[in-house]
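Trainee: Hi! I'm new to this one, could you walk me through it?

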Amino acid sequence: MDFALSDEQTAIFDMAKAFGDEFIAPNALQWEKDENIPKDLWPRLAELGFGGLYVSEDSGGSGLSRLDATLVFEALSMACPSVAAFLSIHNMCAAMIDKNGSDALKAKYLEKALSMETFFSYCLTEPGSGSDAAALKTRAERTNEGFALSGTKAFISGGGYSDAYIVMARTGDAGPKGISAVVVDDGADGLSFGGLEDKMGWRAQPTRQVQLDNCNIPADNLLGDEGKGFTYAMQGLNGGRLNISACSLGAAQSALDKTLAYMSERQAFGKSIDQFQALQFRLADMEIELQASRAFLRQAAWKLDTNAPDAVQHCAMAKKFVTEAGSRVVDGCLQLHGGYGYLADYGIEKLARDLRVHQILEGTNEIMRMIVARQMIAA
Ligand code: FAD
Ligand code: 2MC
């Protein structure tokens, strides 16, 4: 068993970190104020192969493992977790198309998804169903040409900003087996958006409702097989949960790095505050939490990469563990900055706000525990 990253993996991390340092970190506070990530960022990330990180090489993607992808999200989140997480959602969608889409659907969407000329959003949640995702009500009725969609999707990251939407909709009976996944293009008749949600964090990226009112799409926009949409959506989320964990990890690491530097400069009672043993112990505790998170996350990613029978459970455990550790560490870093931690210019309070939602989206941490407990009881 080898716990070290390979030279190639180290190079992937370094490449993402260098891009984030140069092009994302200096802009992160401004993009949050503007509530907008300039769209020209995405093709530049795509040039590094980040538009289809785990889309197969046969399909033109980077063909990386899930573990490799967590390195990219960890490194980019050191610059801004909100930007990195947004990229993760697009990657989840691109991989769903690659893994499950027909040749026609791939030919229609993949190339532009990989170059990020087409940016994708993922639409599962509805106003009346979040955690209980299989209770969704949006309908996709068969027509002569394809499907007519009606319903509302809530909290959609990239709603009104993205170029295309993967929508989970009901084509059959109640329950998970009656759900299919379809692609809806921006500009489709009957597609509209709610107002911009006013959020605690993730403010750089837009969140809106996606409204479908007799929205007609062609038959070949069905993703994979009818009735399998819920399974595709859940499989996508396994990787998404790893990525979100990596976003918490990278952001918390950057907060800890900044805190160490700050504490060596800040003077109190005649010495730098990193000389107080009480505070040194807090630093040590935070380091231990992040190292444990990193090892646990990478093990979960390895399980997904190797199709381990307990991979789903490990993705859920990593999501619960790492997102909570990440928020704890950032909160500790804020405290160690004193009053300055509470000021926007120091960047720590933004991280506390950005990371909070990682315990809620891509499956709440209660649902993560439910997944783990169900497995334990069934075993
Ligand atoms: P509910 O399901 O109503 O849950 C309310 C509370 O009850 C939670 O604490 C929950 O954990 C708890 N709970 C529910 N059921 C159980 C149970 N069985 N046992 C114990 N506790 C339970 N969704 C998308 O599809 N696409 C997106 O791009 C997207 N982006 C998002 C961006 C943001 C900023 C936010 C805030 C949300 C986003 N979501 C997105 C939605 C997100 O996935 C949901 O908010 C989340 O899954 C929870 O659903 P809910 O809000 O309806 O809460
Ligand atoms: N991986 C693969 N398959 C899965 C899976 C997973 N993680 N989770 C469920 N499935 C399969 C499951 O195996 C079953 O298939 P089959 O009948 O063929 O065996 C099918 O899906 C139905 O699963 P359940 O019987 O467990 O369904 P149930 O409704 O009881 O519970 C639950 C499903 C709660 C685990 C699921 O609804 C869930 O994960 N809820 C959380 C919703 C969520 O994560 N939303 C995130 C929205 S996206 C977002 O927030 C973004 C920011 C993008």
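Trainee: Which element gives the largest share of the shell around ligand 2?
Mentor: That's α7, with six residues. Keep in mind that this is a predicted model. α7 spans 229–265, and both α7 and α11 supply at least two residues of that shell.

Trainee: And which residues come nearest to ligand 2?
Mentor: Of the 21 residues around ligand 2, the nearest are Ala133, Ala134, Met234, Leu361 and Gly363. By class, the shell around ligand 2 has 13 nonpolar, seven polar and one charged.

Trainee: Why does ligand 2 lie between domain 2 and domain 3?
Mentor: Because domain 2 (120–227) and domain 3 (230–378) both give residues to the shell around ligand 2.

Trainee: OK, switching to ligand 1. How many residues surround it?
Mentor: There are 22 around ligand 1, and the closest are Gly130, Ser131, Ser157, Thr364 and Glu366. The elements giving two or more residues to this shell are β1 (120–123), β3 (146–157) and α11 (365–378).

Trainee: What about the classes there, and which domains are involved?
Mentor: The shell around ligand 1 splits into 12 nonpolar, eight polar and two charged residues. Domain 2 and domain 3 each provide at least three residues of the shell around ligand 1.

Trainee: Last topic: what does UniProt annotate at residues 6–117?
Mentor: The unreviewed UniProt entry labels that stretch "domain: Acyl-CoA dehydrogenase/oxidase N-terminal".

Trainee: How much of residues 6–117 is helix, and how much is strand?
Mentor: The span is 68% helix and 0% strand, and its end C-alpha atoms lie 31 Å apart.

Terms used:
Residues are numbered from 1 along each chain as its sequence is written. Chains are lettered from A and ligands numbered from 1 in the order in which they are written. This is a predicted model: local features need pLDDT of at least 70, side-chain atom pairs count only at pLDDT 80 or more; totals for chains, interfaces and linings use all residues. A residue is near a molecule or strand if its C-beta atom, placed from the backbone, lies within 6 Å of it. Helices (H or I, at least four residues) and strands (E, at least two) are DSSP runs, numbered from the N terminus. Ala, Val, Leu, Ile, Met, Phe, Trp, Tyr, Cys and Pro count as nonpolar, Asp, Glu, Lys and Arg as charged, and the others, Gly among them, as polar. Domain bounds come from an automatic or database domain assignment. UniProt positions are given in the numbering used here, feature names are shortened, and annotations may be inferred rather than shown by experiment.
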